[in-house]
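Subject: Structure handover

Hello,

Here is the structure we discussed. My notes follow below it.

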Amino acid sequence: MTKPKVLVSDKMDPNAARIFAEMGCDVDVITGETPEQLIARIGEYDGLAIRSSTKVTKEILDAAPNLKVIGRAGIGVDNVDIPYASSKGVVVMNTPFGNSITTAEHAIALMFALARQIPEANAQTQAGLWPKNGFMGVEVTGKTLGLIGAGNIGSIVAARALGLKMKVVAFDPFLTPERAVEMGVEKGDLDTLLAKADFITLHTPLTEQTRNILSKENLAKTKKGVRIINCARGGLVDEAALKEAMDAGHVAGAALDVFETEPAKASPLFGTPNFICTPHLGASTNEAQVNVALQVAEQMADFLVNGGVTNALNMPSLSAEEAPKLKPYMALAEKLGSLVGQLTTGTVPRVSIHTEGAAAELNARPIVAAVLNGFLRVQSDTVNMVNAPFLAKDLGIEVREVKTEREGDYHTLVRVSVKTEAGERSVAGTLFSNAEPRLVELFGIKVEAELTGDMLYIVNEDAPGFIGRIGTLLGENSINIGTFNLGRREAGGEAVLLLSVDNPVTSAVLDQARKLPGVKKVMALKF
Ligand SMILES: NC(=O)C1=CN([C@@H]2O[C@H](COP(=O)(O)OP(=O)(O)OC[C@H]3O[C@@H](n4cnc5c(N)ncnc54)[C@H](O)[C@@H]3O)[C@@H](O)[C@H]2O)C=CC1
Ligand SMILES: O=C(O)CCC(=O)C(=O)O
C-alpha cells in the first residue's frame, strides 16, 4: 500500500514530522511558500498540516484533488475555507485544547503588563531615564474582570483571575447558570459586563455575532479607566474606535495579541500611550507548540492510515472506543444507502434513518453520514462521509433520524426509508455476529443477502421454473453465481431475487433476463 503524503506548510514543532513518519506517512516540511507555490505543489498530497500562516482558500482546495484532511495545529480555523473544504469532501481538524493554557497565561501576562505598564517602564529604564515617578500602576486584587467568551480558554483565564482574588463577570450566551456557579463566576449580559469590568478580556471566535463586539457604541458603555485585552481574534475589537477611546482617556490601556489584518505592519494604535501588543504570540510556548504538533500529527495520521476521526469540524468524530463498534454499522449503513439509491429513480425529498435495538444506543451521526454517502454515491463520484450531509442539504433532501431502543425481530437493525413520488420505500439490515452487514428486508419483502460486489436484482412473479431459467441464462453467458437470495411477499405473489455474480452482467444479458416469463424488473447493482 502506498503511504499517504502529508505536507506541513507552516512552522511547526519537529515532533509533528516525526509522528507522521512513525505512523506511516511520507511527510514534507516546506514552509513560507507563496499561495502560487502551494497551489503548484498541493496536488500530490493527502494531508496538509498548518498553523495560521497558510490560508487554505478555494484556489488551493481546487488544486488539491488528493487532499483528504487539513489539520490545524491550534484552535482557530478562520484561515481555512471550511464550507468549501466540506463540499470537496476534505476533513478539517483542529487541536482544541493543546494551546489553551498557554493562551490563557498570555492574557493574564498582558493584564499585568497593562496594570503596571511594564513594557514602557522597561523601555524607559533601559534608556537610562529611571522613571520612578512616571508609572503608577493599579492592583488587580479585588478588581472585576469581564470575560467575553467562557469556553476552554476563557474558563482557564477565569480560574487564574479568581486565584488572583479578582471577581469575574462572564458574558457567553452558551454559558449555563450551573456552569457559571461551577466556574465561580457571575453570569451577566454584555451591558452588565461592560458597566462593571475594570479589565475586559476576549475569548470568543470571530463570528458574525462577535465581530466588533467591542464597537464604538459598546466601548462607550464601559467604565472609565477600563483596560482591554484581546488574545482571541482580530476583529473582535473595533481598532479605530479603541484608538479614539484611548485618546479620549476613557480606556486606560489596551493589549492586543491579534489584529484585524495580520501581520499587522501598521496600525493607528501603534504609538498610543498605554497600548501594548504582541505579534499573535498567544500560543507561542514550547509546551503548547509540542502539544499541538503531536496532536495534529497523531490525528491526521490516524485518519489517513486507520480512518479514525478526532476533532473534525465538518464530520462527526469517532472516538477510539466508538470506532470499532461503529465501523460495521457504517459499512451496513453505506450499503443500505447505496442499495436504496440504486433502486430509486426520481426526486427524493426525504431520507429517514431508523436505528433499532443495539444500533439505537450508538452515536447516530456517523451512521447517518454513511447512509447519505452510499445513497448519493449513485449520482456523484466525489461524495464522501464529509460532504454527503452538505450535498443532501443542497439537494433539498430532508434527513430524519429515528431511534427505537427496544429490540424488534433483530437484536440490532438499521432501516433506511426514502420518500419518493411512488410513496415511502424502505430497506433494512442487521449485523451478523455484530460485524457482518446483512440485508434483511427489501421494500417490505424479507430477504437475507450480503450486499457485495456485482449483483443482480430481479423482481418476478413467484412461479415454478423461474430459478432454473435465470440460472440457465447466466450459465449460458458464462456468469458464475456466488450467492442466491430469495424472498417473496406471499406464495405466488411478487418475489425478489438478489444474486451476487462473479463478473458484471452486460446490458445484453439484462435485456434477455427482462424477456423471461414472469419477470417484472431486472437491474444490475454494484457495491
Ligand atoms: N492568540 C492566540 O494565539 C490564540 C487564540 N485563540 C483563539 O481563542 C478563541 C477562543 O478559544 P477557545 O476558548 O478554545 O474556544 P471555545 O470554543 O472553547 O470557546 C469560545 C467561547 O466563545 C463563546 N461565544 C461564542 N459566541 C459568543 C458571543 N457572541 N458572545 C460571547 N461568547 C460567545 C462560546 O460559547 C464559547 O464558550 C478562539 O477564537 C481561538 O481562535 C486560541 C488559541 C491561541
Ligand atoms: O498557531 C499559532 O501561533 C496561533 C494559534 C491560534 O491563534 C489558535 O490556535 O487559534
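Which residues surround ligand 2? They are Arg51, Ser52, Gly74, Ile75, Gly76, Asn99, His280, Gly282, Ala283 and Ser284. A residue counts as near a molecule if its C-beta atom, placed from the backbone, lies within 6 Å of it. By class, this shell has two nonpolar, seven polar and one charged residues. Ala, Val, Leu, Ile, Met, Phe, Trp, Tyr, Cys and Pro count as nonpolar, Asp, Glu, Lys and Arg as charged, and the others, Gly among them, as polar.

First, the ground rules. This is a predicted model: local features need pLDDT of at least 70, side-chain atom pairs count only at pLDDT 80 or more, and totals for chains, interfaces and linings use all residues. Residues are numbered from 1 along each chain as its sequence is written, while chains are lettered from A and ligands numbered from 1 in the order in which they are written.

Ligand 1 is surrounded by 32 residues, and the closest are Gly76, Gly151, Ile153, Phe174 and Gly282. Two elements give two or more residues to this shell: α5 (100–115) and α7 (152–163). Helices (H or I, at least four residues) and strands (E, at least two) are DSSP runs, numbered from the N terminus. The largest share, three residues, comes from α7. By class, the shell around ligand 1 has 13 nonpolar, 16 polar and three charged residues. Domain 1 (5–98 + 287–306) and domain 2 (100–277) each supply at least three residues to it. Those bounds come from an automatic or database domain assignment.

Now the sheet. Seven strands form an open sheet with parallel pairing, in the order β8-β7-β6-β9-β10-β11-β12. Two strands pair if DSSP finds at least two bridges between them. The edge strands, β8 (186–187) and β12 (275–277), each pair on one side only. Strands β6 (residues 144–148) and β9 (residues 199–202) run parallel and are joined by four bridges. Leucine 145 has phenylalanine 199 in β9 as its bridge partner.

Helix α12 (residues 286–306) has 21 residues, so at 1.5 Å a residue it should span 30 Å. The expected span is 1.5 Å times one less than the number of residues. The end C-alpha atoms of α12 are 29 Å apart, which agrees. Just after α12, glycine 307 takes a positive phi of about 80°.

Two backbone points remain. Glutamate 262 to proline 263 is a cis peptide bond, with omega near -5°. Proline 263 lies in the loop between β11 and β12. Tryptophan 130, a residue other than glycine, has a positive phi near 40°. Tryptophan 130 sits in the loop between α6 (118–126) and β6.

Best wishes
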